[in-house]
Amino acid sequence: MIASNEDLQGGISPSAPIPKPCLSYWQRTTRGYRHLNANNNTEVPKESKYVVIGSGISGALTAFELTENGVKGEDIVILEAREAASGASSRNAGHVRPGNPLSSENQIILLTSTDAFRGFKHYSSLHGPEQAQKIIANERVVLDRVGEFVKKHNIPCDFSLTATFDVCMTPEFVKYEAESFEGFKEAGGDVSHVKFYEKEEAQKKTRVKEALAAYEWPAGSSHPAKLAQWLLNAAIERGATLFTHCLVSKVSEGTSKGMWDILTPRGIITTSTVFHCTNAYASLLLPQLSRHLTPNRAQAHTLVAPPAFSGEGLLTNTFSLRYGLNHFYSLIQRKGDGTLVLGVSRTNPTLSTETLREIVQFDDSKYNEEIVEDALRQWQILFPEKDQGVSATGIHGEGLEHAWTGIIGMTGDSVPFVGPVDGLDGQWVCAGFGGHGMARIFTCAPGVVQLVLGKQWRDTGLPECFQLGKERLSKLQNLQKSP
């Protein structure tokens, strides 16, 4: 089964975040964040110049960027339906990784990643080769931007600049990857940062016994909840106000021209400028996006490291372990406590039809046991050597520690919605990141702030295909009609 935007028309209506989601590893380790439930019983102010809906990295960075560009913090209100940064920003697999594009079937796993070359063919088919190169170049820029931002502000989010491996596990994927690499290179794409390893060297470099080939390029990992929380804290310290557990149920025209009334359980707040930073949930308040934005539930797991991956055996790189374009596993290992974070693609052929049918939904309160079993079984295949196992080790506390899910917003053309909402002057969107949040938000959120403050699209440096407008929505409609 494919996670298609057509599924929204088959019974899944736009939804608010469910009130009691499960907790991810990242959320479990940041329960002491002082603003986690900020103003959860306080009435909202009657008006504010800027209102940001959503407190994940997109919303938090938007608020932060407003203050960086001269906006008074006191003029900014952030509204969050659940606890602070409770959505996909705090539920991913910790990657800041150039190299895990979406396929044409819109498959995803729960990680944040960027694309070194493999998505070129797919993006070209949707947006043309020029835009495809811009998409990939933009994602590469983000890795540097995140690293520079963290260093500049000394953010304690466990950011680690390293390298990532795309590990090819089947002859078919070796061929596909090679063709993608050469196609991107021949089109003028920069591959100077990508290294290639054939079978024996790939096995040695990656420690994956059955690896047939591998590609390596710069990447990073982080504690995404700590990053989101730092951004929120910085905006709050500059005067912004965060209201948690404050679901926005409607945005309607105000009584004054150019104003919008935002309806919440704790009052109506009037504003001239609204930012929709709600990713998969954006179509709840922007129904015109409902046919073009699909919720995908994805799952990740933490494992307590076995002896082979403890101490000096710690993995220093991140991984995408690929049997095919839509059958793969992501892996990072955290430096501090050695926790392994294992993500699973939701459409791999080992999963039952029933499990595959669960992809398109908004329920992040639970996880799927079959996916857990698949993850553990696959670990034994990837790492079969002595002291590498994570199941039945005989050591209490070793092995599977936790599993969680998160909801990711998939657009029909595999790129986010950024910019003004057509026909709704004063409303702006920054959503639909499709599992590439960490690869895109650090250019998209600053970009939308620049637009709000009077700059032109060319000033943002973003690919033109990210811009939301009538032409793009019409193109998306035609994509849905095509066979």
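Predicted model: local features only at pLDDT ≥ 70, side-chain atom pairs only at ≥ 80, totals over all residues.
1. At 37% relative accessibility, Glu-68 counts as partly exposed (buried is under 20% relative accessible area, exposed is over 50%, and partly exposed lies in between, with a 1.4 Å probe and protein chains only). Its salt-bridge partner is Arg-238, and the N to O distance between the two side chains is 2.7 Å (a salt bridge is a side-chain nitrogen of Lys or Arg within 4 Å of a carboxyl oxygen of Asp or Glu).

2. Residues are numbered from 1 along each chain as its sequence is written, and side-chain values use heavy atoms, with hydrogens and water left out.

3. The overall fold. The protein has 12 helices and 19 strands (helices are DSSP runs of H or I with at least four residues, strands are runs of E with at least two, and both are numbered from the N terminus). Its radius of gyration is 21 Å, close to the 23 Å that the globule rule gives for 483 residues, so the protein is as compact as a globular protein of that length (the radius is taken over C-alpha atoms, and the rule is 2.2 Å times the number of residues to the power 0.38). The C-alpha trace spans about 70 × 50 × 45 Å along the principal axes.

4. Of the 483 residues, 62% are buried. Among contacts with a separation of 6 or more, 75% are made by residues 24 or more positions apart (contact means heavy atoms within 4.5 Å). The protein exposes about 18900 Å², and carbon and sulfur atoms supply 49% of this area (Shrake-Rupley method, 1.4 Å probe).

5. Charges. There are 47 positive and 52 negative charges, and their mean positions are 3 Å apart (Lys and Arg count as positive, Asp and Glu as negative, and His and the chain ends are not counted; each charge is placed at NZ of Lys, CZ of Arg, CG of Asp or CD of Glu). The structure holds 18 salt bridges. Side chains of opposite charge can pair when their charged atoms come close.

6. A buried pair. Arg-118 and Glu-177 form a salt bridge at 2.9 Å, N to O. Arg-118 lies in the loop between β4 (113-114) and α3 (120-127) and Glu-177 in helix α5 (residues 171-186), so this pair ties together parts that are 59 residues apart in sequence. Arg-118 is buried at 3% relative accessible area, and Glu-177 is buried at 0%.

7. The closest N and O atoms of Asp-413 and Arg-472 are 2.8 Å apart, in a salt bridge. Asp-413 is in the loop between β17 (399-411) and β18 (417-420), Arg-472 is in helix α12 (residues 470-481), and the two are 59 residues apart. Both residues of this pair are buried. Elsewhere, salt bridges with shared partners join Arg-82, Arg-91 and Asp-364 into one network.

8. Glu-398 is in the loop between α9 and β17. Glu-398 is buried but has no salt bridge, and Lys-386, the nearest side chain of opposite charge, is 13 Å away. Leaving aside residues up to four places away in sequence, Glu-398 touches Val-304, Ala-305, Pro-306, Pro-307 and Thr-393.

9. Backbone angles to check. Most residues other than glycine have a negative phi. Ala-85 has a positive phi, near 50 degrees; this residue lies in the loop between β2 (76-79) and β3 (95-98) and is buried, with a relative accessible area of 2%. Asp-387 also has a positive phi, of about 70 degrees, without being a glycine. Asp-387 is in the loop between α9 (369-382) and β17 and is partly exposed at 42%.

10. Met-438, in helix α10 (residues 437-452), is buried at 2% relative accessibility. The C-alpha atoms of Met-438 and Pro-224 are separated by 8.6 Å, although the two residues are 214 residues apart along the chain.
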